[in-house]
Amino acid sequence: MNEQHLNELAAGIMTLIEDEDPSESNIGVRGTVLINEFLRQPGVEESLAALDVEKKVRLWGNKGSGMQILFHGADTPKKGSPHDHGQSWALYFQVSGMTKMTTYKRVVGGSGQPGEAVLEKVDETDVTPGNAIFFGPQVIHSTQHPSPPARWIRVTGTDLDFAERLRFSIERKEAVIEKKN
Ligand SMILES: [Fe+2]
């Protein structure tokens, strides 16, 4: 992977939120344009395609803090449970294949609080190549990859492995604090 292209992408995204809070209009819209430009740089798509996505790959960022650019993949059908990203924002950008993204509203239980939780589905979107979906803090969502292979880039405001966030069980009607990896 060409480090220079990654550094330019990261710098470009950080510039978007230098004087503004992360939002749909800066990260969501302009960040998506920047990632599309990044993918058009020579060699980038080939380098991404060659990555082993058994686990998430950190493309850019320091473990533990600060913005992260991650690469994920699904080669078999996958379905994740609803979760939030705590206080972090996130951009899910589709590189290839499709992510079925569901968002939820919590109708029982306090925002960001573990314990009893009832979720109501708000929206379901198929995120397709070149497109992305932006989430502000504490937006509850789940991903599905019913028709692999799929590859996506996830940009987060901080390293989620070190952030307190919630994972939800629809069956058990509860939210638990996500264990650190
Ligand atoms: Fe997520």
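**View 1. Pairing of strands β4 and β8.** Strand β4 (residues 90-96) runs antiparallel to strand β8 (residues 132-135), and four bridges join them. Two strands count as paired if DSSP finds at least two bridges between them. Helices (H or I, at least four residues) and strands (E, at least two) are DSSP runs, numbered from the N terminus. The bridge partner of A90 in β8 is F135. The model is predicted: local features need pLDDT of at least 70, side-chain atom pairs count only at pLDDT 80 or more, and totals for chains, interfaces and linings use all residues. Residues are numbered from 1 along each chain as its sequence is written.

**View 2. The two faces of strand β8.** From β8, A132 and F134 point one way, whereas I133 and F135 point the other way. All of these residues are buried, a residue being buried if 20 or more other C-beta atoms lie within 10 Å of its own, exposed if 12 or fewer, and partly exposed in between, with C-beta atoms placed from the backbone. In a regular strand the side chains alternate between the two faces of the sheet.

**View 3. Strand β9 and its two partners.** Because five of the six residues of strand β9 (residues 140-145) are buried, the strand is largely enclosed by the rest of the structure. Strand β3 (residues 78-79) pairs with β9 in the antiparallel sense over two bridges, and K78 has H145 of β9 as its bridge partner. Strand β5 (residues 99-108) also pairs with β9 in the antiparallel sense, over five bridges. Here M101 stands opposite T143 in β9.

**View 4. The open sheet β6-β12-β11.** Three strands form this open sheet in the order β6-β12-β11, with antiparallel pairing. At the edges are β6 (115-116) and β11 (166-169), each of which pairs on one side only. Two bridges join β6 to strand β12 (residues 174-177), and G115 stands opposite A175 in β12.

View 5. Helix α1 (residues 3-16) has 14 residues and reaches 20 Å from its first C-alpha to its last, close to the expected 20 Å; the expected span is 1.5 Å times one less than the number of residues. Its buried residues include H5, L9, A10 and I13. They cover an arc of only 135 degrees around the axis, which puts them on the same side of α1; the arc is that of the directions from the helix axis to the C-beta atoms. On the other side of α1, E3, Q4, N7, A11, M14 and T15 are exposed.
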